[in-house]
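Let's take a walk through a protein with a ligand in it. Have a look at the structure first, and then we'll go through it piece by piece.

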Amino acid sequence: MTSTQLTTPSTGKYTQPTGLFINNEWVQGVDGKTFETINPSTEDVICSVAEATEKDVDIAVAAARKAFDGPWRKVTPEDRGKYLTNLANLIEKNIDLLAAVECLDNGKALGMAKGDVGAAAGCLRYYGGWADKIEGKVIDTNPDTFSYTRQEPIGVCGQIIPWNFPMLMWAWKIGPAVATGNTVVLKTAEQTPLSALVAASLIKEAGFPPGVINIISGFGKVAGAAISSHMDVDKVAFTGSTVVGRQVMKAAAGSNLKKVTLELGGKSPNIVFNDADIENAISWVNFGIFFNHGQCCCAGSRVYVQSGIYDKFVERFKARAIANKVGDPFAADTFQGPQVSQLQYDRIMGYIAEGKKAGAKIETGGERHGDKGYFIQPTIFSNVTEDMKIMQEEIFGPVCSIAKFETEEEIIKTGNNTTYGLASAIHTANLNTAIRVSNALRAGTVWVNQYNMLHHQIPFGGFKESGIGRELGEAALANYTQTKSVSIRLGDALFG
Ligand code: ADP
């Protein structure tokens, strides 16, 4: 069986693919293994899906290799773009279903899930537009030589994605890889396989030849490890934890030295100066940490507020956080659903206990919400010092740490006091402060008077231990192309 009948509260009955999508066909795993996916709102099993093992990864890689060496090479850049645009259109057409499935499997609020699916379509369409604009250069060295470069695809790309933005990560990975002429074996996260499988059912209809995009479900230690150590995968792109990022890089180094790009964790500073518009700053700080239940690699989890407004800010921010509606992700007014899994729930509650023990003050939250599902109250810690774990380690949940600062010089130093460097933000009415501090922060993204405003046209990625390479924008094309230099002799032989 490679599909099952399911129901979502918002769209009703639908057919959920459950197989592995290889060569434009649904297949079961060679060993017939399956695993369950859980509804994090109810803790009930939604369904079982095929689990890819090493053998299935081999089959998917062979399909991707065959497509790369054969039919896909003959497809014009214009047609590659067309297929991506078709896929974007089909995803938009199915936005209600895809969002509902994401809501069911991941627990994110339905409205947010719709935003993600819309952004996924936008990303695919954007890279569709790039497909026929990948250009080399002519390099003039002397009259006897004609030299030029070509930006060629890397080959078979293994892509490993996390569970926090299943559809969006799918699009961020597939878009630039396919636009530049690569083929793909993408593994979804074991916590959230379902929406990617529904989206996979649109690939053939979009026009992609067999083997260009292969989507498999499976576990990190089995299928993920098989991808990153595979001798016939030319590149691996990974988004997830820094711990696993290191393992992926080691596996690449220990196998065929495949190219590696990594988008990893963060502990991003969100800095509010005395002169900021305080109500706006509170809204963005709230959104910065509690959006997607804090399950964002770029979450603004370290909040620093200047001393002149600190007390007022903490009081009002607390009221704002308490007003965030936590509950059923299908309810129209829900802002925060459950955490994705029991494991994540336990990790986050462990950090909350750790913060309390270390002497930080709970301003609000700190407890489970309700008695079923992996819900956690929006939690704010104040009086947090730099040496506390909750200020240094990525919690990946609805938990933020606030501390006070006095001067610009001090906050630049404190803001950069982390091994991570994914994102950051500054709230100020002063343009000079905004530019000076943006330049000084060691992070791949700086938001000014806003937060979490990612866009497919704007590069995103990490300084320091937050990653290697950039996703989105023109910058992502570099992750999926390699430069070939061709030099042609026009004149007589050099030593003739
Ligand atoms: P989290 O801890 O939030 O679940 P992970 O970094 O463990 O995040 O997971 C992100 C992705 O990496 C998932 O698709 C997961 O299956 C995969 N993964 C986990 N371990 C490995 C591994 N050893 N090698 C390759 N991929 C892995």
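**Around the ligand**

Start at Gly220, where a backbone N or O atom sits 3.2 Å from an oxygen atom of the ligand. That's a polar contact, meaning a pair of N or O atoms within 3.5 Å; within protein, one must be able to donate a hydrogen and the other to accept it, and residues adjacent in sequence count only if both atoms are side-chain atoms. Before going on, note that this is a predicted model, where local features need pLDDT of at least 70 and side-chain atom pairs count only at pLDDT 80 or more, while totals for chains, interfaces and linings use all residues. Residues are numbered from 1 along each chain as its sequence is written, and side-chain values use heavy atoms, with hydrogens and water left out.

Side chains join in too. An N or O atom in the side chain of Gln247 is 3.0 Å from a nitrogen atom of the ligand, and one in the side chain of Arg347 is 3.3 Å from an oxygen atom of the ligand. On its own the ligand exposes 560 Å², and the protein buries 87% of that (areas by the Shrake-Rupley method with a 1.4 Å probe; for residues, only the protein chains shown count as cover).

Now find Glu394, in the loop between helix H14 (389-392) and strand E18 (399-405). Helices (H or I, at least four residues) and strands (E, at least two) are DSSP runs, numbered from the N terminus. Glu394 is buried yet has no salt bridge, and Lys267, the nearest side chain of opposite charge, is 8.1 Å away. Buried means under 20% relative accessible area, exposed over 50%, and partly exposed in between (1.4 Å probe, protein chains only). As for charge, Lys and Arg count as positive and Asp and Glu as negative; His and the chain ends are not counted. A polar atom of the Glu394 side chain does lie 3.1 Å from the backbone nitrogen of Gly266.

**Charged pairs**

How many salt bridges does the structure hold? There are 21 salt bridges, each a side-chain nitrogen of Lys or Arg within 4 Å of a carboxyl oxygen of Asp or Glu. In one of them, Glu43 meets Arg368 at 3.5 Å, N to O. Both residues sit in loops between strands, so the pair ties together parts that are 325 residues apart in sequence. Glu43 is partly exposed at 31% relative accessible area, and Arg368 is partly exposed at 29%.
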